[in-house]
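Biologist: Before we look at anything, could you take me through how one reads features of a model such as this, giving the general idea and then the case at hand?

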Amino acid sequence: MFELMLDTANIEELKAGLEAYPISGVTSNPTILKAEGKIDVYEHLGIIKKLCGKRSLHVQVVSGTASEIVREARHITERLGHDVYIKIPVSTEGLPAIKQLASEGFNITATGIYSSFQGMLAALAGAKYIAVYYNRMENNCTDPKKVIEDIRTLIDQSGSGAKLLGASFKNLTEVTEAIVYGCHSITVQPSIITSGLGMASINYAVDNFAKDFWAIHGEGSTMLTVG
């Protein structure tokens with residue numbers, strides 16, 4: 001069974017999405033937080049954390065050196081709780097920080113992944129989630145399906161227990177492909193979900209079913225009002 005996460009920091013979207021959909025967690029990044037305007041970041045994330053309940057919350061660091069990333073990760077967990085997942089880009093400075101923090105028991109979501117090699121290193125360093133950027137890889141002329149297959153193979157062979165997290169989607173086809181090719185989890189903007197549930201063909205079928213029922217029992221009738 002794969003996991004579905006919401007990739008937003010909008011409180012109203014989260015309230016609606018967490019109530020309506022089978023959501024396992026919430027992912028965020030500085031760009032998503034910026035979209036919410038001039039907020040108190042920790043106050044805002046605290047509200048999201050409360051909304052999440054037992055679901056996972058993923059918060060990204062912005063520091064540039066390994067030592068500062070470690071310090072920032074510790075501060076985030078002090079403010080929001082040790083169960084928060086710290087998102088760290090897999091870079092020259094990020095990978096050593098992932099390795100150190102994972103060894104200390106921190107929950108790490110390795111992010112900014114555009115290649116099989118990055119994902120493999122992140123898994124070996126102890127990250128619990130490996131976040132691959134699907135659409136951005138396509139834009140960089142990289143085959144995201146091949147990258148997902150490669151990383152999934154290493155995860156399965158190593159027994160690391162890491163989960164492959166698909167991110168950066170622009171349409172439903174990309175989401176489906178990410179799952180089919182091996183992602184354990186996906187994170188999407190709420191608009192992706194609503195677009196999949198609001199297709200014209202779905203609404204057409206629903207309307208026709210209602211009209212056929214009304215033809216038997218009268219307009220506006222339902223299974224609650226008959227029998």
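Modeller: Let us start with charge: this is a predicted model, and in it the protein carries 20 positive and 24 negative side chains, with the centres of the two sets lying 6 Å apart.

Biologist: What box do the C-alpha atoms of the protein fill along the principal axes, and how many helices and strands are there in the protein?

Modeller: The box is roughly 70 × 40 × 30 Å when it is taken along those axes, and the protein within it has eleven helices and eight strands. The accessible surface of the protein comes to about 12000 Å², and carbon and sulfur atoms account for 55% of that surface. Of the 227 residues, 44% are buried, while among contacts between residues at least 6 apart in sequence, 55% join residues that are at least 24 apart.

Biologist: How should I read cysteines, and how many disulfides does a search of the whole structure find?

Modeller: In general, a disulfide is a covalent bond between the sulfur atoms of two cysteines. Here the search of the whole structure finds zero disulfides. As for burial, C52 counts as buried because its relative accessibility is 1%, under the 20% cut-off, and C183 is likewise buried, with a relative accessible area of 4%.

Biologist: Which residues of helix 10 are buried, and where do they sit around the axis?

Modeller: The general idea is that an α-helix has 3.6 residues a turn, so residues three or four places apart point the same way. In helix 10, which spans residues 190-197, the buried residues are P190, I192, I193 and G196. These residues cover an arc of only 160 degrees around the axis, and therefore they lie on the same side of helix 10.

Biologist: Is L124 buried or exposed, and how far is L124 from S160 in space?

Modeller: L124 is found in helix 6, residues 116-125, and is exposed because its relative accessible area of 64% is over the 50% cut-off. Although L124 and S160 are 36 residues apart in sequence, their C-alpha atoms are 7.4 Å apart in space.

Technical notes. Residues are numbered from 1 along each chain as its sequence is written. This is a predicted model: local features need pLDDT of at least 70, side-chain atom pairs count only at pLDDT 80 or more; totals for chains, interfaces and linings use all residues. Side-chain values use heavy atoms; hydrogens and water are left out. Helices (H or I, at least four residues) and strands (E, at least two) are DSSP runs, numbered from the N terminus. Buried means under 20% relative accessible area, exposed over 50%, partly exposed in between (1.4 Å probe, protein chains only). Contact means heavy atoms within 4.5 Å. Accessible areas come from the Shrake-Rupley method with a 1.4 Å probe; for residues, only the protein chains shown count as cover. Lys and Arg count as positive and Asp and Glu as negative; His and the chain ends are not counted. The place of a charge is taken as NZ of Lys, CZ of Arg, CG of Asp or CD of Glu. A disulfide is a pair of cysteine sulfur atoms within 2.5 Å. The arc is that of the directions from the helix axis to the C-beta atoms.
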